[in-house]
Amino acid sequence: MNYNLEVLNDKEFESMSKDLLEKILGVRLQNFKTGKDDGIDLRYSTYNINEIIIQAKAYTKSTYSNLKSTLKKEKEKMSMLSPQPQRYILTTTCHLSPKQVDDIINIMHPFIKSAQDIYGRDRIESLISDHHDIEKKYYKLWLTSTNVLKAILHNGQRSQSDFHQTKILKNASLYVPTKNLQNAIDKLNENKFVIISGEPGVGKTTLAYILICDLLGKGYELINIDEKISDALHLLSEDPETKQVLFFDDFLGANINAILNPKNTENKIISLIEQIESSKNKFLILTSRTTILNQAKDNYEHFARQKFDKRSKYELVLNNYTLLDKAKIVYNHLYFNNMGDEYKIHFFENKSYLKIIEHKNYFPRLIEFITDQKNYDHEYYTTVDEFIFKNLDNPREIWKVAFERQLEDEDRFLLLSLFSFAKTRVRHDELEHAFNCRYNYEIRENGIHKKLDPFNRSLKKLLGSFASSIKTKDGTNEYQLLNPSIADFLINYLKKSKEERNRVIFSISSPNQLLGYFDRTRKDKIILDDYFIKEYYPTFVNCLNNVMNKHYGHVIFDIIYCLDQFFSPKTINDTNIFIKYFNDLLNLGYEAYVFSPRLITILKSVKSCYPENIIKIVTDNWNLLMFLVIKNAYESDHLSEVRELHELYEIDLFKTISVQEIKEELTLKINSLFDEYVKDYELVVSDNDVLKTYHDTDETYTRSYINDKYWESYDSFFSDCGLIDFYENFNHDLDIDSYSLLHKILDRYSYEEDDYSSEITHDIDYSRNEEIQMIEDLFEK
């Protein structure tokens with residue numbers, strides 16, 4: 001059988017060469033990183049270093065003359081090795097004639113001993129045929145082997161699809177086998193059909209394509225459903241001996257309009273699925289954007305009742321790749337895409353590939369875009385790096401289409417409401433209230449016609465495509481954006497459209513909707529200038545009527561902070577609203593909830609730009625405010641700010657901390673923060689120091705040593721809180737369990753681990769450090 005070695009990149013070919021030669025030679029071979037090998041890809045050494053040197057030359061894009069030139073240089077490297085290799089083996093993807101083999105022997109004399117040490121393409125393909133485990137391991141080789149490729153082309157031709165050889169080879173070369181492929185096969189075997197869903201650009205169609213190639217290679221015929229199911233059903237054979245796979249890409253349509261005005265009724269879709277489920281040797285593969293799939297659940301009642309109740313059984317959601325998967329996808333695009341070296345080098349310099357792989361907006365479609373040199377406009381982008389990371393930082397092309405073409409007005413209102421909170425999770429009731437405020441605003445101001453149950457209908461469409469849901473311990477749902485790049489897109493969208501920006505902030509139901517992505521000066525946010533703030537202030541005050549639970553301390557505090565950040569006396573002359581809510585907070589007394597860093601910011605702002613009547617309110621309630629700062633502090637820096645506030649307002653700190661309630665609260669806070677700090681005891685005392693002390697002295701002395709270290713750390717921590725001048729004014733009592741800590745360290749170092757062994761499989765999960773090392777080896781030049 002012949003194989004398309006062209007689908008392997010250079011690292012895969014080297015790895016396959018290693019596997020083959022280990023079987024043939026009966027020895028274990030050692031790998032060397034590219035670029036640091038002195039002409040060595042693989043090596044076998046016993047007592048003699050460099051006993052066997054092996055080089056793998058993937059020359060699928062080069063000619064035999066290129067191989068000859070390279071080998072002449074390799075001979076020079078071999079001659080310089082110490083000791084020189086006793087044997088040199090060459091594997092190459094080039095077709096080699098007997099004369100060319102003789103030429104190579106002469107070029108590499110005396111290192112190549114005979115023609116048996118030269119493995120050209122024909123010989124390698126023959127060996128792969130003899131070792132089915134190798135063929136199985138390198139899945140792309142099997143998929144594009146002569147017999148399988150012929151079967152794919154033959155079984156796919158009736159469908160008038162694009163399963164032609166060029167595309168198959170391209171897709172196979174770029175494809176990185178992941179767990180998703182096996183998961184899809186498992187779902188097909190279990191249910192007879194699978195829906196591959198996910199966000200735009202995540203790789204739904206690519207996975208379906210490879211899965212179909214796999215089935216075609218195993219004798220299945222392809223029925224490609226372009227639009228109408230009825231056009232394909234007549235091709236479905238009733239003969240159980242006829243193996244067929246039906247493929248329907250975007251089976252519910254590419255946008256919402258296709259759902260509202262479908263070419264295929266829900267009954268036809270249900271009928272097709274049920275027909276496949278009851279047929280022998282028939283499979284159905286469907287793809288859909290998650291947004292559309294959720295819309296179908298809402299619009300197609302029968303479909304929802306019949307299939308969505310058990311959706312997890314047959315739906316494969318593409319939403320996650322390991323770092324190593326991502327790295328291989330990038331590397332394959334760099335290796336197989338035609339691009340100049342001057343362009344490609346930018347992906348390797350300064351480990352840019354790692355920044356790309358770890359980028360929060362990583363998507364296969366984005367990788368395809370940035371590795372296609374034709375997309376690089378040198379007149380628009382100053383550098384290749386700018387092109388790469390500007391598109392990664394702002395993947396507008398992906399979200400723009402989905403946002404503008406696939407969502408209805410109500411969906412966008414809900415998405416922008418969720419976005420505006422700018423926090424990890426938003427409670428169901430909070431999001432619904434924000435949406436209703438926005439919806440009522442749109443009905444009132446822009447003539448939007450009210451629809452039935454718009455919140456829940458839109459929420460169903462957004463979940464899985466733009467948003468995700470998390471169930472809390474009390475059984476309620478909280479929501480968040482599905483991907484950080486959605487927020488990036490929406491920030492840019494609102495920056496460009498003042499009208500859309502205004503529609504968001506003119507209908508807010510919470511001060512938090514202003515405090516996240518809007519700002520007075522920060523360019524990475526949506527800037528609201530002085531002129532706009534002055535015009536907007538009356539509207540904001542009116543919007544406060546929309547705020548839920550205004551009697552709660554945290555809500556009152558958020559309003560105060562929002563007023564200070566956007567509507568301080570620097571811009572707005574009216575301070576009456578600020579005073580009202582500030583007094584509401586003070587009336588809650590010691591039970592008021594504040595966020596210490598923000599309260600500190602407010603108090604500094606009051607002193608710098610607020611009128612004397614408000615400064616007086618602060619000083620008259622100083623002890624209460626300091627108590628609240630201390631009570632809600634969660635870092636030592638917050639406590640050190642207490643001293644700075646006293647200096648700013650010229651108030652005696654000693655007098656404040658002498659107040660019994662404040663002193664007690666401050667003592668409790670310092671102790672609790674220190675206890676949190678020393679949970680990582682190695683910040684206080686190292687294992688090595690404890691062990692050395694223990695072995696040099698005895699247990700009693702070592703425990704005393706640990707106690708001393710804890711007290712030293714405590715004194716330093718107390719100083720970080722800005723209170724070292726008042727050390728004597730506090731009672732200090734540390735609960736140090738030196739006995740338990742000592743024996744914890746001793747037990748850890750006396751414990752003998754079991755011998756480590758591992759059977760590596762394709763589904764192995766690597767640690768982050770292991771993945772990073774493998775990625776760096778992959779991209780080593």
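Modeller: The chain has 41 helices and 15 strands, where helices are DSSP runs of H or I with at least four residues and strands are runs of E with at least two, numbered from the N terminus. This is a predicted model, in which local features need pLDDT of at least 70 and side-chain atom pairs count only at pLDDT 80 or more, while totals for chains, interfaces and linings use all residues. Residues are numbered from 1 along each chain as its sequence is written, and side-chain values use heavy atoms, with hydrogens and water left out.

Colleague: Why is Gln 116 called exposed?

Modeller: Exposed means over 50% relative accessible area, buried means under 20%, and partly exposed lies in between, with a 1.4 Å probe and protein chains only. Gln 116 has 51% relative accessibility and therefore counts as exposed. This residue is found in the loop between α3 (98–107) and β5 (118–119), and its C-alpha atom is separated by 9.7 Å from that of Val 101, 15 residues apart along the chain.

Colleague: What share of the chain counts as buried, and how many disulfides are there?

Modeller: Of the 781 residues, 53% count as buried. The structure holds 0 disulfides, a disulfide being a pair of cysteine sulfur atoms within 2.5 Å. As for individual cysteines, Cys 213 has 1% relative accessibility and so counts as buried, and Cys 562, with a relative accessible area of 0%, is buried as well.

Colleague: What makes a set of residues a nonpolar core?

Modeller: The set must consist of buried Ala, Val, Leu, Ile, Met, Phe, Trp, Tyr and Cys residues joined through side-chain atoms within 4.5 Å. The largest such core has 210 residues, and those with the most contacts inside it are Met 16, Ile 285, Leu 514, Phe 567 and Phe 779. A second, separate core of 21 residues includes Ile 223, Leu 246, Ile 273 and Tyr 314. Not counting residues up to four places away in sequence, Ile 285 touches a list of residues including Leu 188, Val 194, Ile 196 and Phe 248, where contact means heavy atoms within 4.5 Å.

Colleague: How do you know that Lys 218 and Asp 214 meet in a salt bridge?

Modeller: A salt bridge requires a side-chain nitrogen of Lys or Arg within 4 Å of a carboxyl oxygen of Asp or Glu, and for Lys 218 and Asp 214 the distance from N to O is 3.0 Å. The two ends are classed separately: Lys 218 is partly exposed because its relative accessible area is 45%, whereas Asp 214 is buried, with 5%. The structure holds 36 salt bridges.

Colleague: Why is the pair of Lys 461 and Glu 408 said to tie together parts of the chain?

Modeller: The closest N and O atoms of Lys 461 and Glu 408 are 2.6 Å apart, and the two residues form a salt bridge. Lys 461 lies in helix α25 (residues 454–462) and Glu 408 in the loop between α22 (396–405) and α23 (409–421), so the pair ties together parts that are 53 residues apart in sequence. Lys 461 itself counts as buried because its relative accessibility is 3%.

Colleague: Where do Arg 412 and Asp 409 lie, and how are they classed by accessibility?

Modeller: Both lie in helix α23, 3 residues apart, about one turn of the helix, and their salt bridge has its closest N and O atoms 2.9 Å apart. Arg 412 is buried, since its relative accessible area is 17%, while Asp 409, at 34%, counts as partly exposed. Salt bridges that share partners also join Glu 408, Glu 410, Asp 411, Lys 451 and Lys 461 into one network.

Colleague: How many aromatic pairs does a search of the whole structure find, and what makes the pair of Phe 654 and Phe 726 stacked?

Modeller: The search finds 42 aromatic pairs. Rings of Phe, Tyr and Trp (its six-membered ring) pair if their centres lie within 6.5 Å, and planes under 30 degrees apart count as stacked, over 60 as edge-to-face and the rest as tilted. Phe 654 and Phe 726 are 6.3 Å centre to centre with 20° between the planes, and the pair is stacked. Phe 654 is in helix α36 (residues 653–657) and Phe 726 in the loop between α39 (699–720) and α40 (738–750), 72 residues apart. Phe 654 is partly exposed because its relative accessible area is 39%, and Phe 726, at 13%, counts as buried.
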